[in-house]
Amino acid sequence: MKNRSLVSIDDFSKEEILRILDLAGKFEIQPVGKLLEGKVIATLFFEPSTRTRLSFESAINRLGGKIVGFADSSISSVTKGETLFDTIKMVDSYADLIVIRHPFEGSARYASEIATVPVVNAGDGANQHPTQTLLDLYSVRKTQGSLDNLNIFMVGDLKYGRTVHSLLMAMAHWNTTFNFISPEELRLPDEFKLHLDSAGLKYYEHLDFSDIISRADIIYMTRVQKERFSDPIEYEKVKNVYVLRNSMLHNTKPNLRILHPLPRVNEIHPDVDNNPKAYYFQQALNGVFTRQAILCTLLDLNF
Amino acid sequence: MMKGGKQQLVVSAIENGTVIDHVPAKSLFKVIQILGLDHIDNQITFGTNLESKKLGQKAIIKISGRFFEDNDINRIALVAPEAKLNIIKDYAVVEKRVVRVPDHITAIAKCMNPKCITNLENVTTRFLVISKKNIALKCRYCEKITSEENLKII
């Protein structure tokens, strides 16, 4: 995998995804190894994302790498009107790998064409956030023992939620059953249903999930944002339907785990936090192991 | 100029070159632009709003001394999918070719996503053609799909 970039989850085959998850598992057991010693990683955050940036920087630091970059484009040359092309051209000669987060959709693919070093997409607008998807997959596999034959509930904003879209595209490699629970206005776009149809996978759409929750292996919660609704009254009607509470978890499967890409607002009630089925904070920690594995894979470093 | 007594040639015949026929009248200038005909020195004649049973109103372009590669000519498929090419040598049609929608489209179409990098920085558009019958293009960058009804030629 020389000078290979990770821009979209589709860039990696099922086998390559599994290799990264296996490597992430090794980092979890043995977190410190100076594999990135002598390497410089650029972290270019053209829009602030504290969680993702800290996770990457923690992964780089744990591997002994050095970091150059910026956390907010308002303090960089971008405010002077520099194009993305020029920024990437310059950074390309300073770093061994570039991590980029940028508000424009497709910016990471474009950066990967300009750069000679590998590029990792840490989020390009509403398009892709593949390292989130890999850490989600890692969390699913770790809690369920396998990725095969799971029943996944995806809840909330299924129309605009990029984490949902990427995770379902990736989970389509395995024999997954999907239950999509969303308000009418935020239903999953047809292109993803067509993809599942062509993969021969079963999926069901619902407006509510309190009556079917006992079937779930994974509940993947996302935020339902008020600004997504054209009619504020519609938001008021549905806003409490997509909130998970501890009382709903009584008759659920023992292996059920609740995932959320974070940050949450009110869609998971704090009374769920102490339930052993709540997994979203461990999920965030898994991001560090997964990102360590991604960096080492793209730089072709073995241990 | 009369031919066979009845048919009238609206634009004059060429000795050597290419005749692009069955171009929808509304797409004439887009075809000229896509093929860069407005920047070459060859003699070009064209007619538009000509009667066509198939298209209603068609346009025809005759380019003297110029022959096209398939890759070049397929670029007009988005705006003139029915176009036919007559390759002329010594006033005779020596070959007829049809236009095929290519698998990839570069620098012709505009991505319909206003948040796409190609609409916000100076980036050449690139698409994968995911449907050729009802044209659907997947942007290489933002991965959004631009369908025929939203298609704009740059």
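The structure is a predicted model. Chain B is built from three helices and 13 strands, and its C-alpha atoms fill a box of roughly 60 × 30 × 20 Å along the principal axes.

**Chain B as a whole**
- Of the 154 residues in chain B, 31% count as buried.
- When contacts in chain B between residues at least 6 apart in sequence are considered, 59% of them join residues that are at least 24 apart.

**Where chain B touches chain A**
- Chain B contributes 14 residues to the contact, while chain A contributes 12 residues.
- On the chain B side, the largest share comes from helix H3 (residues 117-120) of chain B, which supplies three residues.
- By residue type, the side of chain B that touches chain A divides into eight nonpolar, two polar and four charged residues.

**Two helices packed in chain A**
- Helix H1 (residues 14-29) of chain A packs with helix H9 (residues 280-298) of chain A at an angle of about 120°, and their axes lie 8 Å apart.
- Because angles from 65 to 115 degrees count as roughly perpendicular and only those over 145 as roughly antiparallel, H1(A) and H9(A) are oblique to each other.
- The crossing in which H1(A) passes H9(A) is right-handed.
- Among the residues that meet are Ile20(A), Leu23(A) and Phe27(A) in H1(A), with Phe289(A), Ala293(A) and Ile294(A) among those in H9(A).
- The residues of this contact between H1(A) and H9(A) divide into eight nonpolar, three polar and one charged.

How values were computed. Residues numbered from 1 in each chain as written. Chains lettered and ligands numbered in written order. Predicted model: local features only at pLDDT ≥ 70, side-chain atom pairs only at ≥ 80, totals over all residues. Helix = DSSP H or I, 4+ residues; strand = E, 2+ residues; numbered from the N terminus. Buried ≥ 20, exposed ≤ 12 C-beta atoms within 10 Å, placed from the backbone. Contact = placed C-beta atoms within 7 Å. Nonpolar A, V, L, I, M, F, W, Y, C, P; charged D, E, K, R; others polar. Axes fitted to C-alpha atoms, helices over the stretch in contact; angles between N-to-C directions. Parallel < 35°, antiparallel > 145°, perpendicular 65-115°, else oblique. Left-handed = near helix turned anticlockwise from the far one by under 90°.
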